[in-house]
Amino acid sequence: MKTADVVIAGAGIVGSSIAWHLTQAGCRNVLLLERESSQGKGSTGKSMGGVRAQFATEHNIRMSMYSIPFYSRFEEITGHPCGYKPHGYLFMATTHKHLDYLRANRRLQNSLGLTNVEEWKREEIVARVPLLKADDILGGSYCPTDGFVDPWLVMEGFSQGAFAGGAEIWRNAEVTGVDVVSGRVSGVRSTAGAISAPTLVNACGAWATRVAAMAGAALPVTPLRRMLCPTEPFPGIPDRCPMTIDMSDGFHFRPEGRGLLMAWNDPSETPSDKPVVDPTFVERILTRAVERVPSFINLEVDPRKAWAGLYEMSPDHHCILGPAPEVEGLFYANGFSGHGVMHSPSTGKILTDLITKGATDLVDAPALSVRRFAEGRAIDETAVL
Ligand SMILES: Cc1cc2nc3c(=O)[nH]c(=O)nc-3n(C[C@H](O)[C@H](O)[C@H](O)COP(=O)(O)OP(=O)(O)OC[C@H]3O[C@@H](n4cnc5c(N)ncnc54)[C@H](O)[C@@H]3O)c2cc1C
């Protein structure tokens with residue numbers, strides 16, 4: 001029978017980063033199991049690629065403070081490009097409540113050493129994104145090292161680096177069972193064969209709950225549809241246009257090629273694992289787009305190019321990392337709640353530290369454990385787009 005020191009279920013951006021970090025730490029006998037015929041068909045291939053450190057919780061800020069500098073040196077570190085574009089994230093407030101919220105977040109960010117987040121007045125916002133209708137904008141928050149990456153390139157870079165370091169991948173290998181003997185993982189069964197292994201990392205994104213259940217463990221992750229709408233080329237997009245977020249309704253956009261990629265998260269969306277585009281989505285997002293940027297009335301959009309994917313929501317919108325309490329040898333890298341691309345580098349590092357050393361100094365790992373829900377220690381990230 002095939003043996004591995006660590007099996008990673010799911011070879012999206014998170015599984016790939018964990019494989020890379022493990023091989024870098026000297027753990028060579030790592031096997032990725034991916035149920036699809038190729039990588040990136042889960043949420044990774046559907047993502048908007050945004051990376052930001054402007055969060056409301058200490059853990060997410062710290063994870064970004066590892067991940068974003070990592071992205072800025074990705075090619076130097078891994079030998080592969082990741083398409084990092086530090087155009088910044090610009091949050092725009094139209095109410096004093098939102099402005100105060102941004103200020104409180106900035107104080108926390110500053111206290112943790114993230115000192116390049118700026119408070120912007122309306123004039124600075126308009127100078128950077130002149131297209132905006134800005135009469136109701138009171139101010140905003142901008143961080144110049146936030147920006148975007150190409151999630152597929154990141155996944156590919158981590159994977160190729162991991163393979164060069166000795167890791168293997170089985171494609172068309174759906175995990176169908178987890179063998180547990182005397183309360184600990186002893187092996188993994190898949191459609192491509194069985195593996196004897198003492199450690200299993202669950203990196204199955206929006207489908208992670210099922211794999212946890214195979215080991216008899218309870219993981220609270222719920223799939224939630226998110227849709228994106230690309231546009232045809234549009235003249236007049238400012239140079240280095242940031243990810244621009246209208247906090248009044250959550251509409252946001254960033255440049256994509258010579259056009260834009262637009263997002264708006266419908267608050268009435270209910271949990272579902274059916275990532276099909278709602279036919280009314282394009283019209284609804286365009287209404288919001290034109291309200292904030294009047295010249296977007298001229299945007300050309302092919303509704304057939306809009307797409308839907310799944311966020312993997314945890315109850316407190318915060319990732320669930322570390323050992324499963326019920327089963328020794330089972331580790332979670334789940335529940336990113338829409339932040340798995342930006343936090344894939346730090347997740348790889350944290351999981352590797354926990355697997356190889358039992359502790360990490362990157363974050364307060366016990367705080368991110370799934371135990372927090374049963375123990376009344378939910379964290380509650382509110383800066384979710
Ligand atoms: C529309 C949209 C926009 C987003 N925008 C952003 C953004 O701007 N920034 C950001 O950071 N994040 C964003 N996200 C979230 C981000 O895409 C995810 O958090 C991230 O991709 C999670 O990576 P993953 O590797 O955990 O999951 P996935 O990429 O979903 O990978 C999980 C893998 O597990 C495999 N799998 C599942 N079950 C099994 C099984 N039983 N056996 C074997 N393999 C299995 C799947 O096939 C899949 O390949 C967005 C998501 C969506 C949908």
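**Figure 1. Aromatic pairs, with Phe158 as a meeting point.** This predicted model holds twelve aromatic pairs. Let us start with Phe70 and Phe158: their ring centres are 5.7 Å apart and their planes meet at 40 degrees, so this pair is called tilted. Phe70 belongs to helix H2 (residues 58-72) and Phe158 to helix H6 (residues 151-164), so the pair ties together parts that are 88 residues apart in sequence. Phe70 is buried, with a relative accessible area of 7%, and Phe158 is buried too, with a value of 0%.

**Figure 2. Phe158 also pairs with Phe74.** Here the ring centres of Phe74 and Phe158 lie 5.1 Å apart and the planes are at 75 degrees, so the pair is edge-to-face. This pair also links distant parts of the chain: Phe74 is in helix H3 (residues 74-78), Phe158 is in helix H6, and 84 residues separate them. Both Phe74 and Phe158 are buried. Looking around these rings, you can find one aromatic cluster formed by Trp20, Tyr66, Phe70, Tyr71, Phe74 and Phe158.

**Figure 3. Helix H1 packs against helix H6.** H1 covers residues 13-24, and its axis lies 8 Å from that of H6, at an angle of about 30 degrees. The crossing of H1 and H6 is left-handed. Which residues of H1 meet H6? On the H1 side they are Ile13, Ser16, Ser17, Ala19, Trp20, His21 and Thr23. Their partners in H6 are Pro151, Val154, Met155, Phe158, Ser159, Gly161 and Ala162.

**Figure 4. Two arginines sit over aromatic rings.** The charged end of Arg35 is placed over the ring of Trp207, 4.6 Å from the ring centre. In the second example, the charged end of Arg52 sits over the ring of Phe55, at 4.2 Å from its centre.

Figure 5. Ile61 is found in helix H2. Is Ile61 buried or exposed? Ile61 is buried, with a relative accessible area of 0%. Apart from neighbours within four places in sequence, Ile61 is in contact with Ala53, Phe55, Leu108, Gln109, Leu112 and Leu114. One of these, Phe55, is the residue whose ring lies under the charged end of Arg52. His98 is 37 residues from Ile61 in sequence and 19 Å from it in space, C-alpha to C-alpha.

**Figure 6. Loop residues with a positive phi.** Ser182 is not a glycine, yet its phi is positive, about 50 degrees. Ser182 sits in the loop between strand E10 (175-181) and strand E11 (184-190), and at 76% relative accessibility it counts as exposed. Arg240, also not a glycine, has a positive phi of about 50 degrees. Arg240 lies in the loop between strand E14 (222-230) and strand E15 (243-246) and is partly exposed, with a relative accessible area of 44%.

**Figure 7. Pro279 in a loop.** Where is Pro279 placed? Pro279 is in the loop between strand E17 (259-263) and helix H8 (281-292). Pro279 counts as exposed because its relative accessibility is 80%. Ala378 is 99 residues away from Pro279 in sequence and 36 Å away in space, C-alpha to C-alpha.

Definitions and conventions:
Residues are numbered from 1 along each chain as its sequence is written. This is a predicted model: local features need pLDDT of at least 70, side-chain atom pairs count only at pLDDT 80 or more; totals for chains, interfaces and linings use all residues. Side-chain values use heavy atoms; hydrogens and water are left out. Rings of Phe, Tyr and Trp (its six-membered ring) pair if their centres lie within 6.5 Å; planes under 30 degrees apart count as stacked, over 60 as edge-to-face and the rest as tilted. Helices (H or I, at least four residues) and strands (E, at least two) are DSSP runs, numbered from the N terminus. Buried means under 20% relative accessible area, exposed over 50%, partly exposed in between (1.4 Å probe, protein chains only). A charge sits over a ring if NZ of Lys or CZ of Arg is within 6 Å of the ring centre and within 35 degrees of the ring normal. Axes are lines fitted to C-alpha atoms, for helices over the stretch in contact, and angles run from 0 to 180 degrees between N-to-C directions. A crossing is left-handed if the near helix is turned anticlockwise from the far one by less than a right angle, and right-handed if clockwise. Contact means heavy atoms within 4.5 Å.
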